[in-house]
Amino acid sequence: MQTEVYTVNAFTYQNQGGNPAGVVVNADPLNTDQMQKIASKMSYPETAFVCTPPQNIHADLTVRFFTPSSEVDFCGHATLATFYLLWHLKILSAGNYTQATKAGLLNVCITDNGQIIMDQQAPQFMSIFPAQTIAPLLDLPINAINSQFHPQKVSTGLPDLFVAVTSGYLQQVTPDLPAISELSRQHNLTGLHVFELTPKETHDAICRNFAPRFGIDEEAATGSSSGALACYLQRHYFPQKTDYSFLQGQSLGLESEINVSLTIADNAVTQVQAFGTATLIKRQTL
(Lines give C-alpha, C1' and ligand atoms only; values in the text may rest on other atoms or scores of the structure.)
Protein backbone atom coordinates (compact mmCIF):
# COMPACT_ATOMS: atom_id res chain seq x y z
CA MET A 1 0.00 0.00 0.00
CA GLN A 2 1.27 3.46 -0.91
CA THR A 3 0.47 6.38 1.36
CA GLU A 4 0.92 10.09 0.66
CA VAL A 5 2.46 11.97 3.57
CA TYR A 6 2.76 15.74 3.66
CA THR A 7 5.35 17.64 5.68
CA VAL A 8 4.04 20.86 7.20
CA ASN A 9 5.99 23.23 9.43
CA ALA A 10 3.65 24.52 12.15
CA PHE A 11 3.89 27.66 14.27
CA THR A 12 6.25 29.37 11.85
CA TYR A 13 7.83 32.67 12.90
CA GLN A 14 8.19 35.44 10.33
CA ASN A 15 7.49 32.84 7.61
CA GLN A 16 10.42 30.68 8.70
CA GLY A 17 11.20 27.96 11.22
CA GLY A 18 8.32 26.08 12.77
CA ASN A 19 7.97 22.52 13.98
CA PRO A 20 7.67 19.83 11.28
CA ALA A 21 4.73 17.45 11.35
CA GLY A 22 3.72 14.68 9.02
CA VAL A 23 0.10 14.65 7.87
CA VAL A 24 -1.78 11.80 6.15
CA VAL A 25 -5.01 13.24 4.75
CA ASN A 26 -6.91 10.00 4.07
CA ALA A 27 -5.91 7.53 6.76
CA ASP A 28 -9.07 5.38 6.85
CA PRO A 29 -7.37 2.41 5.10
CA LEU A 30 -4.54 2.34 7.65
CA ASN A 31 -4.53 0.35 10.85
CA THR A 32 -2.76 1.40 14.04
CA ASP A 33 0.41 -0.57 13.31
CA GLN A 34 0.68 0.96 9.85
CA MET A 35 0.21 4.45 11.26
CA GLN A 36 2.94 3.83 13.82
CA LYS A 37 5.33 2.56 11.15
CA ILE A 38 4.72 5.66 9.02
CA ALA A 39 5.26 7.96 12.01
CA SER A 40 8.48 6.11 12.89
CA LYS A 41 9.73 6.40 9.33
CA MET A 42 8.91 10.11 9.13
CA SER A 43 10.71 10.61 12.49
CA TYR A 44 9.01 13.94 13.16
CA PRO A 45 7.89 14.79 16.70
CA GLU A 46 4.35 13.87 15.58
CA THR A 47 2.56 12.64 12.48
CA ALA A 48 -1.20 13.20 12.23
CA PHE A 49 -3.66 10.84 10.55
CA VAL A 50 -7.02 12.20 9.36
CA CYS A 51 -9.88 9.70 9.52
CA THR A 52 -13.65 9.68 9.16
CA PRO A 53 -15.27 9.95 12.61
CA PRO A 54 -17.52 7.12 13.83
CA GLN A 55 -21.24 7.71 13.28
CA ASN A 56 -21.85 8.12 17.01
CA ILE A 57 -19.26 10.94 17.27
CA HIS A 58 -20.45 14.40 16.24
CA ALA A 59 -17.26 15.72 14.68
CA ASP A 60 -16.09 16.81 11.24
CA LEU A 61 -13.04 14.53 11.35
CA THR A 62 -11.02 12.30 13.62
CA VAL A 63 -7.31 12.98 14.02
CA ARG A 64 -4.86 10.51 15.56
CA PHE A 65 -1.38 11.56 16.59
CA PHE A 66 1.75 9.39 16.66
CA THR A 67 5.27 10.17 17.82
CA PRO A 68 8.09 8.02 16.40
CA SER A 69 7.52 5.56 19.26
CA SER A 70 3.84 5.66 20.29
CA GLU A 71 0.39 7.19 19.93
CA VAL A 72 -0.48 10.27 22.03
CA ASP A 73 -3.88 11.72 22.85
CA PHE A 74 -3.35 15.15 21.32
CA CYS A 75 -0.77 17.33 19.61
CA GLY A 76 -1.12 21.07 19.13
CA HIS A 77 1.41 21.65 16.36
CA ALA A 78 0.22 18.63 14.38
CA THR A 79 -3.39 19.89 14.71
CA LEU A 80 -2.32 23.23 13.28
CA ALA A 81 -0.42 21.46 10.48
CA THR A 82 -3.42 19.26 9.68
CA PHE A 83 -5.99 22.00 9.39
CA TYR A 84 -3.64 24.33 7.52
CA LEU A 85 -2.97 21.55 5.00
CA LEU A 86 -6.69 20.77 4.56
CA TRP A 87 -7.28 24.49 3.95
CA HIS A 88 -4.31 24.73 1.57
CA LEU A 89 -5.57 21.73 -0.44
CA LYS A 90 -9.07 23.28 -0.49
CA ILE A 91 -10.53 20.25 1.30
CA LEU A 92 -11.76 22.63 4.02
CA SER A 93 -12.63 26.30 3.68
CA ALA A 94 -12.41 29.02 6.31
CA GLY A 95 -14.80 28.30 9.17
CA ASN A 96 -15.30 26.41 12.42
CA TYR A 97 -14.76 22.67 12.77
CA THR A 98 -14.73 19.97 15.44
CA GLN A 99 -12.01 17.33 15.58
CA ALA A 100 -12.36 14.11 17.54
CA THR A 101 -9.15 13.20 19.38
CA LYS A 102 -8.27 10.86 22.20
CA ALA A 103 -8.19 14.00 24.38
CA GLY A 104 -11.84 14.68 23.50
CA LEU A 105 -13.77 16.82 21.02
CA LEU A 106 -11.91 20.04 20.27
CA ASN A 107 -12.94 23.02 18.18
CA VAL A 108 -10.69 24.42 15.45
CA CYS A 109 -11.18 27.63 13.49
CA ILE A 110 -9.61 28.34 10.10
CA THR A 111 -9.39 32.04 9.26
CA ASP A 112 -9.66 33.45 5.74
CA ASN A 113 -5.87 33.71 5.46
CA GLY A 114 -5.21 30.19 6.73
CA GLN A 115 -4.34 30.94 10.34
CA ILE A 116 -5.43 28.12 12.65
CA ILE A 117 -7.02 28.71 16.05
CA MET A 118 -7.48 25.58 18.17
CA ASP A 119 -9.29 24.98 21.43
CA GLN A 120 -7.68 23.04 24.23
CA GLN A 121 -9.12 21.61 27.41
CA ALA A 122 -9.53 23.75 30.51
CA PRO A 123 -6.36 23.52 32.62
CA GLN A 124 -5.74 20.91 35.28
CA PHE A 125 -3.15 21.89 37.90
CA MET A 126 -1.54 18.89 39.52
CA SER A 127 1.60 17.89 41.44
CA ILE A 128 4.33 20.33 42.46
CA PHE A 129 7.92 19.06 42.29
CA PRO A 130 10.89 20.26 44.38
CA ALA A 131 13.50 22.26 42.48
CA GLN A 132 16.30 20.08 43.86
CA THR A 133 14.73 17.08 42.08
CA ILE A 134 14.43 18.83 38.71
CA ALA A 135 17.63 20.90 38.48
CA PRO A 136 19.97 17.88 38.03
CA LEU A 137 17.82 16.59 35.16
CA LEU A 138 18.68 19.80 33.30
CA ASP A 139 22.33 19.93 34.45
CA LEU A 140 21.62 23.20 36.26
CA PRO A 141 22.42 24.45 39.78
CA ILE A 142 19.48 24.79 42.16
CA ASN A 143 19.58 28.59 41.95
CA ALA A 144 18.95 28.38 38.20
CA ILE A 145 15.36 27.34 38.93
CA ASN A 146 13.34 30.56 39.18
CA SER A 147 12.32 30.84 42.84
CA GLN A 148 9.16 32.78 41.91
CA PHE A 149 7.70 29.55 40.53
CA HIS A 150 7.45 25.94 41.63
CA PRO A 151 7.86 23.23 38.98
CA GLN A 152 4.32 21.96 38.45
CA LYS A 153 2.48 19.38 36.40
CA VAL A 154 -0.23 21.08 34.31
CA SER A 155 -2.39 19.83 31.45
CA THR A 156 -4.68 21.33 28.82
CA GLY A 157 -4.81 17.98 27.03
CA LEU A 158 -1.37 16.50 27.70
CA PRO A 159 0.36 16.71 31.10
CA ASP A 160 3.75 18.44 31.16
CA LEU A 161 6.02 19.54 33.98
CA PHE A 162 6.59 23.31 33.75
CA VAL A 163 9.97 24.53 34.93
CA ALA A 164 10.90 28.24 35.06
CA VAL A 165 14.61 29.06 34.92
CA THR A 166 16.20 32.38 35.74
CA SER A 167 17.41 34.69 32.99
CA GLY A 168 20.39 33.41 31.02
CA TYR A 169 20.04 29.74 31.93
CA LEU A 170 17.65 28.41 29.28
CA GLN A 171 20.26 27.88 26.59
CA GLN A 172 22.60 26.32 29.16
CA VAL A 173 20.18 23.45 29.77
CA THR A 174 21.65 20.04 28.96
CA PRO A 175 18.84 17.55 29.44
CA ASP A 176 19.48 14.15 30.99
CA LEU A 177 17.15 12.41 28.57
CA PRO A 178 17.08 8.95 30.23
CA ALA A 179 16.36 10.52 33.62
CA ILE A 180 13.65 12.80 32.18
CA SER A 181 12.10 9.79 30.46
CA GLU A 182 12.07 7.84 33.73
CA LEU A 183 10.56 10.76 35.67
CA SER A 184 7.93 11.10 32.94
CA ARG A 185 7.01 7.42 33.18
CA GLN A 186 6.80 7.54 36.98
CA HIS A 187 4.55 10.61 37.05
CA ASN A 188 2.63 10.22 33.76
CA LEU A 189 4.24 13.26 32.15
CA THR A 190 4.53 13.90 28.45
CA GLY A 191 7.76 15.75 29.16
CA LEU A 192 9.41 18.85 30.61
CA HIS A 193 8.57 22.32 29.31
CA VAL A 194 11.35 24.64 30.43
CA PHE A 195 10.93 28.39 30.03
CA GLU A 196 12.54 31.72 30.74
CA LEU A 197 10.52 34.91 31.06
CA THR A 198 11.65 37.63 28.68
CA PRO A 199 11.42 41.41 29.08
CA LYS A 200 10.92 41.77 25.33
CA GLU A 201 7.54 43.17 24.36
CA THR A 202 7.08 40.68 21.50
CA HIS A 203 7.18 37.44 23.55
CA ASP A 204 6.31 36.57 27.13
CA ALA A 205 8.69 33.63 27.40
CA ILE A 206 11.25 31.62 25.50
CA CYS A 207 10.76 27.86 25.82
CA ARG A 208 12.34 24.46 25.31
CA ASN A 209 10.44 21.16 25.41
CA PHE A 210 11.87 17.69 26.12
CA ALA A 211 9.73 14.56 25.73
CA PRO A 212 12.13 11.60 25.45
CA ARG A 213 9.52 9.23 26.90
CA PHE A 214 7.79 9.51 23.51
CA GLY A 215 10.91 9.56 21.37
CA ILE A 216 11.20 13.37 21.21
CA ASP A 217 14.55 14.61 22.51
CA GLU A 218 13.51 18.24 21.89
CA GLU A 219 10.97 19.88 19.62
CA ALA A 220 10.69 23.30 18.05
CA ALA A 221 7.06 24.15 18.91
CA THR A 222 4.64 22.52 21.33
CA GLY A 223 1.10 23.85 21.05
CA SER A 224 -0.43 21.79 23.86
CA SER A 225 2.34 22.81 26.26
CA SER A 226 2.00 26.46 25.28
CA GLY A 227 -1.68 26.47 26.19
CA ALA A 228 -0.88 24.97 29.58
CA LEU A 229 2.03 27.39 30.08
CA ALA A 230 -0.28 30.38 29.52
CA CYS A 231 -2.61 28.98 32.20
CA TYR A 232 0.32 28.38 34.55
CA LEU A 233 1.56 31.96 34.12
CA GLN A 234 -1.94 33.37 34.52
CA ARG A 235 -2.38 31.53 37.81
CA HIS A 236 1.04 32.26 39.29
CA TYR A 237 2.28 35.48 37.71
CA PHE A 238 -0.12 37.39 35.42
CA PRO A 239 -3.60 37.06 37.00
CA GLN A 240 -5.22 39.60 34.65
CA LYS A 241 -3.35 38.72 31.46
CA THR A 242 -5.24 36.81 28.74
CA ASP A 243 -3.01 36.99 25.64
CA TYR A 244 0.41 35.32 25.46
CA SER A 245 3.11 34.82 22.87
CA PHE A 246 5.92 32.28 23.21
CA LEU A 247 9.09 31.67 21.23
CA GLN A 248 10.48 28.14 20.98
CA GLY A 249 12.99 26.22 18.88
CA GLN A 250 15.94 28.62 19.03
CA SER A 251 18.33 25.89 20.17
CA LEU A 252 17.31 23.81 17.13
CA GLY A 253 17.65 26.63 14.62
CA LEU A 254 13.87 26.47 14.05
CA GLU A 255 12.41 29.55 15.72
CA SER A 256 8.70 29.06 16.24
CA GLU A 257 5.98 31.35 17.56
CA ILE A 258 2.99 30.05 19.48
CA ASN A 259 0.23 32.44 20.55
CA VAL A 260 -2.35 31.67 23.23
CA SER A 261 -5.56 33.42 24.23
CA LEU A 262 -7.34 32.69 27.51
CA THR A 263 -10.91 33.41 28.56
CA ILE A 264 -11.29 34.00 32.29
CA ALA A 265 -14.51 33.97 34.31
CA ASP A 266 -14.84 34.03 38.11
CA ASN A 267 -11.04 33.95 38.44
CA ALA A 268 -10.77 30.69 36.50
CA VAL A 269 -9.68 29.93 32.94
CA THR A 270 -12.71 28.72 31.01
CA GLN A 271 -11.27 28.62 27.49
CA VAL A 272 -7.78 28.03 26.09
CA GLN A 273 -7.01 28.75 22.44
CA ALA A 274 -3.62 28.39 20.75
CA PHE A 275 -3.04 29.80 17.29
CA GLY A 276 -0.39 30.31 14.67
CA THR A 277 0.63 29.91 11.06
CA ALA A 278 2.09 27.07 9.00
CA THR A 279 3.90 26.31 5.72
CA LEU A 280 3.63 23.27 3.43
CA ILE A 281 7.14 21.89 2.86
CA LYS A 282 6.78 18.76 0.73
CA ARG A 283 4.71 15.73 -0.26
CA GLN A 284 6.08 12.22 -0.50
CA THR A 285 4.82 8.70 -1.03
CA LEU A 286 5.70 5.89 1.36
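## Basis

The model is predicted: local features need pLDDT of at least 70, side-chain atom pairs count only at pLDDT 80 or more, and totals for chains, interfaces and linings use all residues. Residues are numbered from 1 along each chain as its sequence is written, and side-chain values use heavy atoms, with hydrogens and water left out.

## Nonpolar cores

A nonpolar core is a set of buried Ala, Val, Leu, Ile, Met, Phe, Trp, Tyr and Cys residues joined through side-chain atoms within 4.5 Å. Buried means under 20% relative accessible area, exposed over 50%, and partly exposed in between (1.4 Å probe, protein chains only). The largest core holds 54 residues. Phe195 and Phe246 have the most contacts inside it. Helix α2 (residues 76-88) gives the largest share of this core, 7 residues. Helices (H or I, at least four residues) and strands (E, at least two) are DSSP runs, numbered from the N terminus. A second, separate core has 23 residues, among them Ile134, Ala135, Val165 and Val194.

Contact means heavy atoms within 4.5 Å. Leaving out residues up to four places away in sequence, Phe246 touches His203, Asp204, Ala205, Cys207, Ser226, Leu229, Ala230, Leu233, Ser256, Glu257, Ile258 and Val260.

## Strand β4

Strand β4 spans residues 61-66. Because 6 of its 6 residues are buried, β4 is largely enclosed by the rest of the structure. In a regular strand the side chains alternate between the two faces of the sheet. Leu61, Val63 and Phe65 point one way from β4. Thr62, Arg64 and Phe66 point the other way.

Two strands pair if DSSP finds at least two bridges between them. β4 has an antiparallel pairing with strand β3 (residues 46-51), over 5 bridges. Here Thr47 stands opposite Phe66. The pairing with strand β6 (residues 95-101) is parallel, with 2 bridges. Thr62 faces Ala100 of β6. β4 also pairs with strand β5 (residues 71-72), antiparallel and over 2 bridges. Phe65 stands opposite Val72 in β5. A hairpin of 4 residues joins β4 to β5.

## Strand β13

In β13, 7 of the 7 residues are buried, so this strand too is largely enclosed by the rest of the structure. Ala205, Cys207, Asn209 and Ala211 point one way. Ile206, Arg208 and Phe210 point the other way. Strand β12 (residues 191-197) runs antiparallel to β13, joined by 6 bridges. Leu197 has Ala205 as its bridge partner. Strand β15 (residues 243-248) runs parallel to β13, with 3 bridges. There Ile206 is partnered by Leu247.

β13 and β14 pair in the antiparallel sense over 2 bridges. Asn209 has Glu219 of β14 as its bridge partner. The hairpin of β13 and β14 has 4 residues between the strands, and Gly215 takes a positive phi near 80 degrees.

## Phe210

Phe210 is found in β13. Its relative accessible area is 0%, so Phe210 is buried. Phe210 and Pro175 lie 35 residues apart in sequence, with a C-alpha to C-alpha distance of 7.7 Å. Not counting residues up to four places away in sequence, Phe210 touches Leu138, Val173, Pro175, Ile180, Gly191, Leu192, Val194, Ile216, Asp217 and Glu218.

## Pocket and cavity

Both are found on a 1 Å grid over the protein atoms alone. A cavity is a set of points where a 1.4 Å probe fits but cannot get out. A pocket is an open set with protein on both sides within 12 Å along at least five of seven lines. Lining residues have an atom within 4 Å of a point. Grid points are joined across faces, edges and corners, and a volume is the space filled by probe spheres set on the points.

The largest pocket has about 160 Å³ of space. Its lining consists of Glu71, Val72, Asp73, Gly157, Leu158, Pro159, Asn188, Leu189, Thr190, Arg213 and Phe214.

There is 1 cavity of 30 Å³ or more by this rule. The largest cavity has about 120 Å³ of space. It is lined by 18 residues, and Glu46, Leu158, Thr190, Glu219 and Thr222 lie nearest its centre. α2, β13 (205-211), β14 (216-219) and α5 (223-236) each supply at least two lining residues. The largest share, 3 residues, comes from α5.
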